[in-house]
Amino acid sequence: MKAAVIYARVSSKDQEREGYSIPAQLKLLREYAKSHGFQVEKEFIDVETAKASGRKQFGEMLTFFDQNPVCRVLIVEKTDRLYRNFRDYLTLEDLEVEIHLPKEGQIISKESKSQAKLIHGIHVVMARNYIENLREEVRKGMREKADQGIYPSRPPLGYRNNVLEHSIEVNPEKAPVAKRMFDLYASGQHSLSSLRKALKEEFGDNLSKGYLDRLLKNPFYTGQFIWEGKIYRGTHTPLVTGRVFDEVQAVFSGHNKPKFRKREFAFRGLLTCAYDKCLVTAEIKKEKYTYYRCTGFRGKCDLPYFREEELADRLGGILKNIYIPDNVLAQLEKALVTDKAAQERTQSQQGERLQQRLGSVRNRLDKAYIDKLEGKISEEFWSRKAAEWQAEEQQIQIAIEAVKQAEPDRVLDSVRILELANKAYFLYLKQTPAEKAKLLRMVLSNCSLDAVSIYPTYRKPFDLIFMRAKNEEWRARRDSNPRPSGS
């Protein structure tokens, strides 16, 4: 029998305690292994968030694969149970692990077709989008808190969170430090370095210059705060008057002269020099021609000057390398649309499970309230448990809303990405230098060049498209001047 490994994961300790998710996964995976003739060598179970890499059991599983080359089969319920960050995906691909996804009906291995690998890779990238949507719901709750005048995070030096009252109060131990900090700097007699020394001598607090800079520019001390770019009037007590705060900002303005840029260059900030890792900047020659060169920050550099027109032509090759032929594009779009029904079923199941949990919490609340009225439990016990259950109820309701709104356009977004790869070079040829640079920034996270070559780093999932196109030699199966259908 072929050796295999099982991996199961839940995303919180609550799910582990309720006991339905891990056993259900293991039952499904064991039955799948048995029906397909696999001998399960080991089972790995994680009860952690998949938002960040470094899960203990996942790491041990990678070590197991590395030390046991005979075992190269991994059975996991579905994509988002396995990984939600791209590094994990690449690691398993490098180990040449054959991944079985029973709920998605897919098997991903080195023998899989390039289209299947690309779709799987896009699922990995889009799964991260799921986390972002959940995070957005949390941020929505924080914005509501900000609207009420309560800073929805940790306050700066001089304040502290009041956990019981869910508010922010003055910290009597650190408030004098904050007030003195503003008074000293407002005098205009201190730099950040001398202010740092003065506070250390007077209070013993060793504060960095960068930290002092942020604190002195924070309007929180005047009774206001900034959240997501918007200023709010807070309910907390001000430590500094508006006059003192304005004097501090005036001192900062005197220490920093504004810088003005005479002209914007399309590709400046997009490229780095491959020789010394400095930025590539631009300048005007003969008041007419735009040339790009290394800044030379680390000394003399071998990178030659490039005319903007020449550089634009060379950068266009980057977009050629992610071209997807029309016939391959049609196959990928069809596969994505087919996946949509499965995703909707999964989303519906998640919603049903959350509704069950919500009903269970509300039943506990109702029963406990009746017990309180009948004198079976004390008022103190009722207050404590009611607060816990109400908080849990609120979290479940937020999760239900997140599931309802999560990934509404996931398939549509994937199709748009593929279509952009299909048409990117054609669009590039017709655009101005500024528009070309904007298109390149959508596709690239970094790009360096030397005298001969360009070394692009593609954003996700364009890096996947580039790898698959390169491996399948798609470029060799198209003409030299691709024209997207319908153009």
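User: How many helices and strands does the protein have?
Analyst: Happy to start there. This is a predicted model, where local features need pLDDT of at least 70, side-chain atom pairs count only at pLDDT 80 or more, and totals for chains, interfaces and linings use all residues. Residues are numbered from 1 along each chain as its sequence is written, and side-chain values use heavy atoms, with hydrogens and water left out. With helices (H or I, at least four residues) and strands (E, at least two) taken as DSSP runs numbered from the N terminus, the protein has 16 helices and 15 strands.

User: What is the strand order in the open sheet of five strands?
Analyst: Two strands pair if DSSP finds at least two bridges between them. The pairing in this open sheet is mixed, and its five strands have the order 2-1-3-4-5.

User: Why is one side of strand 2 and of strand 5 left without a neighbour in the sheet?
Analyst: Strand 2 covers 38-47 and strand 5 covers 106-108.

User: Which residue in strand 4 is the bridge partner of Ile75?
Analyst: Strand 3 (residues 73-76) and strand 4 (residues 98-101) run parallel and are joined by three bridges. Within strand 4, Leu74 has Ile99 as its bridge partner. For Ile75, the partner is His100.

User: In strand 3, what is the bridge partner of Ile6?
Analyst: Strand 1 and strand 3 run parallel, with three bridges joining them. The partner of Ile6 in strand 3 is Ile75.

User: Are the residues on both faces of strand 3 buried or exposed?
Analyst: Buried means under 20% relative accessible area, exposed over 50%, and partly exposed in between (1.4 Å probe, protein chains only). One side of strand 3 carries Val73 and Ile75, the other Leu74 and Val76, and all of these are buried.

User: Which strands does helix 3 touch?
Analyst: Contact means heavy atoms within 4.5 Å. Helix 3 (residues 56-67) packs on the sheet, its direction making about 150° with that of strand 2. The strands touched by helix 3 are strand 1, strand 2 and strand 3.

Notes
Axes are lines fitted to C-alpha atoms, for helices over the stretch in contact, and angles run from 0 to 180 degrees between N-to-C directions.
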